[in-house]
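Subject: Structure handover

Hello,

Here is the structure I promised. Please look through it, then read my notes below.

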Amino acid sequence: MNGIHDETLLQQDAESRQRALGLASFIVEAPAGAGKTELLTQRYLRLLAQVEAPEEILAITFTNKAAAEMRERILGTLVRAGSGEIPAEPHRRQTFELAQAALQRSTQQGWQLVAQPQRLRILTIDALCALL
């Protein structure tokens with residue numbers, strides 16, 4: 001019986017993760033180690049492939065460390081996608097595919113995201129308030 005319950009929970013998790021990649025606003029709540037950063041990276045990359053300018057996307061976090069980590073994660077993913085090295089793990093492959101779409105959009109629009117990472121608006125709440 002526990003196996004069926006675990007399978008149901010995994011299916012619900014997969015469905016929630018897929019919904020989080022949609023274009024509507026979304027809140028992600030999960031315990032440490034649940035893959036939130038990967039999901040948020042995927043969501044950010046998905047949005048990059050849709051917008052007219054990267055500045056249209058705003059990711060907000062609490063600490064400078066978390067904002068820097070998120071920026072590094074997104075840039076690192078874009079660099080790896082540009083290299084064409086396809087990851088073996090399915091969730092990383094999905095991130096890779098989303099990054100390739102974001103890079104294609106960047107090329108089409110002339111964003112040069114890897115060379116101009118400041119265009120990624122990943123801020124702390126305090127930095128957003130200062131910006132406003």
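The axes of helix H2 (residues 36-48) and helix H4 (residues 90-109) come within 8 Å and cross at roughly 25 degrees. Axes are lines fitted to C-alpha atoms over the stretch in contact, with angles from 0 to 180 degrees between N-to-C directions. That makes H2 roughly parallel to H4 (angles under 35 degrees). Helices are DSSP runs (H or I, at least four residues), as are strands (E, at least two), numbered from the N terminus.

This is a predicted model, where local features need pLDDT of at least 70, side-chain atom pairs count only at pLDDT 80 or more, and totals for chains, interfaces and linings use all residues. Residues are numbered from 1 along each chain as its sequence is written, and side-chain values use heavy atoms, without hydrogens and water.

In the contact (heavy atoms within 4.5 Å), H2 supplies Glu38, Thr41, Gln42, Leu45, Arg46 and Leu48. They meet His91, Arg92, Gln94, Thr95, Leu98, Ala99, Ala102 and Arg105 in H4. By class, this H2 and H4 contact has 5 nonpolar, 5 polar and 4 charged residues. Nonpolar means Ala, Val, Leu, Ile, Met, Phe, Trp, Tyr, Cys and Pro; charged means Asp, Glu, Lys and Arg; the others, Gly among them, are polar.

Now the lining of the largest pocket. H2 gives the largest share, 6 residues. H2, strand E1 (58-61) and helix H3 (64-83) each supply at least two. The lining residues divide into 18 nonpolar, 3 polar and 4 charged.

Best wishes

Methods: Angles under 35 degrees count as roughly parallel, over 145 as roughly antiparallel, 65 to 115 as roughly perpendicular and the rest as oblique.
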